[in-house]
Amino acid sequence: MKHRTFFWFILPSAAAMILFIALPVGSVFLQSLHIEHEQVLRTVENCGPFGCTEETVVDRAATEELRAAQPLGRFAGLSNYTDRNHLAFAELSRMWERSDSFADFTRRAMTLPFWRAMAFTLTFTFAVTPLVLTLGLAIALGVNSLPRVFRGPTIFVSLLPMIVTPLIGSLVLYWMVDSRGVLGAFLQTVTNDPNLSLRASPTLTWIMLIVYGVWSSAPFAFIVFYAGLQTVPEEPLEAAMIDGANRWQRIRYVVIPHLMPLAIFITLMQLMDNFRVFEPIVGFQAQASATSLSYNIFNYLRGDAAQFGAAATTSMLTIFGVVVLLTPVLIRTWRDFNRKGH
Amino acid sequence: MTRTFRVAACSSVLALGLATGASADCGIESGSVSILGNDFPALQAVVAGAQACATDSVAVTSNLTADHRDLQVAALTANPSQYSVAVVANGSIVPLMNAGLIRPLDDLVAAYGDALQPTQLVRIEGQVMAVAFMANAQHLFYRSDILEQAGVASPETLDDVLAAAEAIRAQGIMQHPVAMVSGAGWNLAQEFVNLYLGHGGSFFEPGSAAPAINNDAGLAALEALSALTSYSNPDFLTFDSNSVQALWEAGEVALMMHWGSRGAGILSGENSTPEITGSTVLAAAPTVDDAGRPATTLWWDGFTIAANASDEDAAASFRAMLNGITPERIAENSALAVWLGEGYTPTPASAGVVASAEGGAASYPMSPYMGLMHTALGDNLAGFLQGSASAEETLETIESAYITAARGQGFLN
């Protein structure tokens, strides 16, 4: 293709990407370098139903003036990135000095919002992604070997977890694992421990969230693999059978290599999706035991005072995290592509 | 046939519309009233009163939702603002004040507010910024039958509550007799605020935004919180107002700290048995030390008028809201809340709030940075209750989380 033709061909999508992706990311980055103006405070007397009190208020006229002069806020450089809410280098080194063991250091570091969210986000991503891949493949192979009549209904039922809105799905499970819900009560009976509560223990909460993640994403992997299975050529399979390969060997040496590009696609999608885990934390009201980067952004933005600087910084670090996670997979794909091209 | 049905349906809707239009006599000529607020029965009653002012030339709409705090600043920043009325409490008026989104009401009060009591006018720097219509506070609910069965007297202090809980547990009546609105986040922070102010603590250095909770009162409040939740269901970090009310109505707890505004619903027995409602007693929040101050905070709920609404809409909104709190309406809805206006006769449902106020409970602080402190508390208290941090570490963590947020918001340097 000529460069000129290529330029006109790519222009509409490039324009849309600049408008809807590059500019917003740029503006979030700019916001992450700023903090709010200094608030001008004054003490006044407030009176109400419960009597009068001396109270501090924000001097609005003075603060407004500062704001009009610099709408973005005060420039703070990278201080939002290094403060306690994010990378927290100063806090970490102080904690290191005060800890008597590595376990103690980890425990202290888990009070820092960014690292606490990172610990759960990474655990969730690296537990859910491989489980979704294996479970999705297993379901696809199972459904593919069913008699044709049963396939339609089975596919429909297997897709249900993906059809349910994530927030609703997690709320449904949340009530099921309640100590009076069907799963919670069952677990209490089985373990003979009337105090067992999936919601009370951080470890069990993490496991519950991971199980939910696998449950809700496995259908996606399943349907992609199932579509891929329809394209596996008959000849190599028959050849393998003649060579005496059993079912497992046929899957391992013929089917899986054939599905590899799909597996990479699913891995990419899952790494991105799981890294921004959010709904189950809200649905399971799990914030006492597990927070994620996306949950932190949500938390900064709601409530009485939206902390735009902190939210923007967490957003930038999330984008950075996604890039780091995807780079190895992308490099691999790029190499494969080049090999095939030559 | 469908057609006849439709015509009939339409004409009855019209008739209904005309009926409400005809019955309303708020004297408003024209304007548009839209109300944003929290969602509980007393507020629904006030808004129903405002809606009765709707005529052909006066439109009254409302959005009552538990998420109102997250919406209000953005909705009132728009010009013209999305809502002409924001129903707020002493905690949630502050962000609107900080951003200058609500208007002084002195002229409207002078023109239309003769019936208002002076105590209903919330004055900030001498200007009336809100009209309060009800009071609320968390207080103690207990089951007299269970306490009798356990052989303990009605609890007045925190130690009484803990002793009663221990007796109930020891006698095998209930394993988890205590419930509080202790879900991690805002709710758990509110429990700490109640206990901390009960110990006479203050959150900030005098005259500054610097935090001051790392002290004996803070340690005592944490200890009290941990003692109370040790008698709670292990799921306590996921409890919100609705789930705690449901536990009470199911008869699963015998001692509860809950909002007074829930009292009417609980006593109505709609979701409960006569045995439970009959033995439910509403009492002052327990005292925590010798000072004898109930460990709770007093809240008022009131309405404010948006600065970015037209003068016509502001006047219409003010008058429509006044129609929601007329003496007749308050008399009719006495059971729903502790009303501040004329016409209110106390009912059993108000006993807890009134007793807490008479006991000298503190009101919730209105400092501009209290919201940041509340958030810092909500984010960091759960670790202590789960046993992953000591009390001293937790207070230190809360202070440093608050300082980071206050720096980002420009309150501290």
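**A guided look at chains A and B**

Guide: In chain A, contacts with a separation of 6 or more come to 67% from residues 24 or more positions apart. Two residues are in contact if their C-beta atoms, placed from the backbone, lie within 7 Å. This is a predicted model, where local features need pLDDT of at least 70, side-chain atom pairs count only at pLDDT 80 or more, and totals for chains, interfaces and linings use all residues. Residues are numbered from 1 along each chain as its sequence is written, while chains are lettered from A and ligands numbered from 1 in the order in which they are written.

Visitor: How does the radius of gyration of chain A stand against that of a compact globule of 342 residues?

Guide: A compact globule would come near 20 Å, but chain A has 26 Å. The radius is taken over C-alpha atoms, and the globule rule is 2.2 Å times the number of residues to the power 0.38. Along the principal axes, the C-alpha atoms of chain A fill a box of roughly 90 × 70 × 45 Å.

Visitor: Why does A:A88 count as buried?

Guide: A residue is buried if 20 or more other C-beta atoms, placed from the backbone, lie within 10 Å of its own, exposed if 12 or fewer, and partly exposed in between. A:A88 has 22 such neighbours, so A:A88 is buried. A:A88 sits in the loop between helix 3 (79–82) and helix 4 (89–98) of chain A. Helices (H or I, at least four residues) and strands (E, at least two) are DSSP runs, numbered from the N terminus.

Visitor: Is A:N192 buried or exposed, and how do you know?

Guide: A:N192 has 7 C-beta neighbours inside 10 Å, so A:N192 is exposed. The loop between helix 9 (182–191) and helix 10 (202–229) of chain A holds A:N192.

Visitor: What makes the phi of A:N192 worth a look?

Guide: Most residues other than glycine have a negative phi. A:N192 is not a glycine, yet its phi is positive, about 55°. A:A88 is not a glycine either, and its phi is positive at about 50°.

Visitor: How do you know which peptide bond joins B:N79 and B:P80?

Guide: Omega is about 0°, and the bond is cis. B:P80 lies in the loop between helix 3 (68–77) and strand 3 (85–89) of chain B.

Visitor: Which residues of helix 15 of chain B are buried?

Guide: In helix 15 (residues 351–358), they are B:G352, B:V353, B:S356 and B:A357. Seen down the helix axis, they fall within an arc of 130°, so they line one face. The arc is that of the directions from the axis to the C-beta atoms. These buried residues pack against several elements of chain B, including strand 5 (127–143) and helix 11 (263–268).
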